Amino acid sequence: MAPLRENSETPPLFTELFRDELTQLLRWRRDVRRFKPDPVPAEMIEELLDLACLAPSVGNSQPWRFVAVESAKARAAIRANFEAANAQALDGYQGEQAELYAGLKLSGLDMAPVQLAVFCDEQTLQGHGLGRQTMPETLRYSAILAVHTLWLTARTCGIGVGWVSILDPVQATKDLAVAEDWSLVAYLCIGWPEEEHHDPELIRHGWQDRSADCRKLEKR
Ligand SMILES: Cc1cc2nc3c(=O)[nH]c(=O)nc-3n(C[C@H](O)[C@H](O)[C@H](O)COP(=O)(O)O)c2cc1C
C-alpha cells in the first residue's frame with residue numbers, strides 16, 4: 001500500500017483515468033467470504049481505519065467504533081453466534097430455497113485473518129445532536145458509511161472484506177464486552193481473497209440476481 005499523501009491545501013483535479021478506475025473499483029468491490037490464510041500487515045489495517053474515519057457523519061459525530069476480534073475465545077463466541085443465527089435463518093426457508101440457502105457460504109469466519117466488529121456509539125456527544133433530532137437512525141447510517149469507506153479502500157489494495165450480519169447483535173455486544181451504549185452495525189471479515197470476481201457470489205450461486213428496480217427514478 002502506497003504511503004498516504006500529505007493532505008494538500010490544493011483541491012485535487014480528478015482525471016478521467018481516475019474516474020474510470022473508480023468505476024472499476026465500484027464494479028469489482030465484492031463481498032468476500034473465501035480468504036487465504038496469509039496475514040494482513042497491522043499497518044495496512046491501521047491505514048484502512050484512518051481512511052474509514054474520513055467518512056461523512058451526521059453532525060460530524062463520527063460514531064463508529066472498531067473492535068479487533070482476535071482472541072480464540074472471542075472468535076469462538078462469534079462463530080457460535082453465527083451458527084445459531086444461521087440455523088434459525090435456515091428454518092425460515094422451505095424446499096428448494098432451503099436447500100439452496102444451506103449450500104451458500106455466508107461468512108468467512110473460518111479463515112479471515114482479521115475480524116473487525118463495528119459499532120455505533122449511540123450516546124456520543126460528538127456532533128451535539130445536529131441532524132439527528134428527528135432521525136436518530138442517522139447515527140447508525142454514519143457508522144455504515146465508515147464501513148463502506150473501509151470496504152472500498154481495502155479493495156484498492158487487494159484486501160477483501162466480507163460483511164456478516166447473520167448474528168444476534170445483543171449477544172455479540174455481550175460477548176465482546178463493549179459498552180452498553182454501542183450497537184453492532186457490522187461484523188467484518190478481512191483478508192486476502194482466494195479469488196476475484198466481477199459478479200456477486202449470490203448471483204453466481206443462483207440466490208438473487210441484480211434487478212433494475214433499484215435504478216428507477218421516480219419524480220414528484
Ligand atoms: C448490511 C449488509 C449485510 C450483509 N450480510 C451478509 C451476511 O451475513 N452474509 C453474507 O454472506 N453476505 C452478507 N452481505 C453481503 C451481501 O450478500 C452482498 O453485498 C451482496 O450479495 C452483493 O454482493 P457484492 O457485495 O459482492 O456486490 C451483507 C451486505 C450488507 C450490505
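The model is predicted: local features require pLDDT of at least 70, side-chain atom pairs count only at pLDDT 80 or more, and totals for chains, interfaces and linings use all residues. Residues are numbered from 1 along each chain as its sequence is written, and side-chain values use heavy atoms, without hydrogens and water.

The protein contains seven helices and four strands. These are DSSP runs numbered from the N terminus (helices: H or I, at least four residues; strands: E, at least two). Their order along the sequence is α-α-β-α-α-β-α-β-α-β-α. The radius of gyration is 19 Å, close to the 17 Å that the globule rule gives for 220 residues, so the protein is as compact as a globular protein of that length. This radius is taken over C-alpha atoms, and the rule is 2.2 Å times the number of residues to the power 0.38. The C-alpha atoms fill a box of roughly 60 × 50 × 40 Å along the principal axes.

Of the 220 residues, 38% are buried (under 20% relative accessible area, 1.4 Å probe, protein chains only). Contacts are heavy atoms within 4.5 Å. Among contacts between residues at least 6 apart in sequence, 83% join residues at least 24 apart.

E201 lies in helix α7, residues 201-204. E201 is buried, with a relative accessible area of 7%. Beyond its neighbours within four places in sequence, E201 is in contact with R33, R34 and K105. The side chains of E201 and R34 form a polar contact of 2.4 Å. Such a contact is a pair of N or O atoms within 3.5 Å; within protein, one must be able to donate a hydrogen and the other to accept it, and residues adjacent in sequence count only if both atoms are side-chain atoms.

Technical notes:
Buried < 20%, exposed > 50% of the residue type's maximum accessible area, 1.4 Å probe, protein only.
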